[in-house]
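Here is a short briefing for reading the model by eye. Keep the sequence and the coordinates open side by side.

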Amino acid sequence: MVPHDNDPVVILVVTVGRRVHRVLVDQGSSTDIMFWSTFNKLQLSPDQLRPYDGFLYGFAGDQVGVKEHVELRTNFTDDTTYRTVNIRYLVVNVPSAYNILLGRPGLNRIGAVALMRHMKMKMPSLEGTIITIKFDQKAAKKCYENNLKPKRGVCYVTSQPQRGEGVV
């Protein structure tokens, strides 16, 4: 077995009748995000988008404009039992190796617990059984590697140090 202690948590969900791979489960995120490329691949109508006034802020304080939001019925399944909930995804137009980022609002809505050591996410079904979704370790590694690759044409410069100033 390949060591997986620090792999990102990546699962598969079903929304608008389509399987969506590379869904990052991020317990540290305060929102659920769908990337613009995923919105397009799902062939959703722009009429489904609702205005959203606000920004997302990253760990380093960087700001990302939110395009709009969309609410979609999303299925979580272990191929025997499923749970369907409406999730409001903020739609952002930034490059990502992931298709969806499932944050605390979505995880709390379904009552999910991510067990990183066991590479599983568990949640209650409406019938009272437990749904166990296995992480996709292969996809997790590939997404992680893709996120590490430098992005062509993207340069982040906040300010240049004055002559003689060092980098802290």
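The points below go from the overall layout to the sheets and then to single residues.

This is a predicted model. The protein has 3 helices and 11 strands. A closed barrel takes up 6 of the strands, and an open sheet has 3 strands.

**Overall layout**

- From the N terminus, the elements follow the order β-β-β-α-β-β-β-β-β-α-β-β-β-α.
- The protein has 168 residues, and 37% of them are buried.
- Among contacts with a separation of 6 or more, 56% link residues 24 or more positions apart.

**The closed barrel**

- The strand order around the barrel is β1-β2-β8-β3-β7-β6, and the pairing is mixed.
- Neighbouring strands of this sheet are turned by 45 degrees against each other on average, with direction ignored.
- β6 spans residues 68-77 and β7 spans residues 82-92. These two strands are antiparallel and share 10 bridges.
- Within that pair, leucine 72 sits opposite isoleucine 87 of β7.

**Strand β1 and its two partners**

- β1 covers residues 10-15. Of its 6 residues, 5 are buried, which leaves the strand mostly covered.
- On one pairing, β1 runs antiparallel to β2 over 5 bridges. Valine 13 faces valine 20 of β2 there.
- The hairpin of β1 and β2 has 2 residues between the strands. Valine 16 in this hairpin has a positive phi near 45 degrees.
- On another pairing, β1 runs antiparallel to β6 over 2 bridges. Threonine 15 is set opposite threonine 74 of β6.
- Leucine 12 belongs to β1. Beyond its neighbours within four places in sequence, leucine 12 contacts Arg19, Val20 and His21.
- Leucine 12 and aspartate 78 are 66 residues apart in sequence, yet their C-alpha atoms are 9.7 Å apart in space.

- Threonine 74 lies in strand β6.
- The side chain of threonine 74 makes a polar contact of 2.9 Å with the side chain of tyrosine 89.
- Residues up to four places away in sequence aside, threonine 74 touches Val13, Val14 and Thr15, as well as Arg83, Thr84, Val85, Ile87 and Tyr89.

**Aspartate 32, buried without a salt bridge**

- Aspartate 32 sits in the loop between β2 (18-25) and β3 (33-35).
- Aspartate 32 is buried and has no salt bridge. Which side chain of opposite charge is nearest to aspartate 32? It is arginine 109, 7.3 Å away.
- A polar atom of the aspartate 32 side chain lies 2.7 Å from the backbone nitrogen of glycine 103.
- Not counting residues up to four places away in sequence, aspartate 32 touches Ile87, Arg88, Tyr89 and Leu90, and also Leu101, Leu102, Gly103, Pro105 and Gly106.

**The open sheet**

- The open sheet has the order β9-β10-β11, with antiparallel pairing.
- β9 and β11 (130-134) are the edge strands, each pairing on one side only.
- Neighbouring strands of this sheet are turned by 25 degrees against each other on average, with direction ignored.
- β9 and β10 are antiparallel and joined by 3 bridges. Valine 113 is placed opposite lysine 122 of β10.

**Positive phi outside glycine**

- Glutamine 43 is not a glycine, yet has a positive phi of about 55 degrees. Its loop connects α1 (36-41) and β4 (55-57).
- Is glutamine 43 buried or exposed? Its relative accessibility is 67%, so glutamine 43 counts as exposed.
- Methionine 119 also is not a glycine and has a positive phi of about 55 degrees. Methionine 119 is in the loop between β9 (113-115) and β10 (120-124).
- Relative accessibility is 12% at methionine 119, so this residue counts as buried.

Key: Residues numbered from 1 in each chain as written. Predicted model: local features only at pLDDT ≥ 70, side-chain atom pairs only at ≥ 80, totals over all residues. Heavy atoms only, no water. Helix = DSSP H or I, 4+ residues; strand = E, 2+ residues; numbered from the N terminus. Contact = heavy atoms within 4.5 Å. Buried < 20%, exposed > 50% of the residue type's maximum accessible area, 1.4 Å probe, protein only. Lys, Arg positive; Asp, Glu negative; His and termini not counted. Salt bridge = Lys/Arg side-chain N within 4 Å of Asp/Glu carboxyl O. Polar contact = N/O pair within 3.5 Å; in protein donor to acceptor, adjacent residues only side chain to side chain. Pairing = 2+ DSSP bridges. Axes fitted to C-alpha atoms, helices over the stretch in contact; angles between N-to-C directions.
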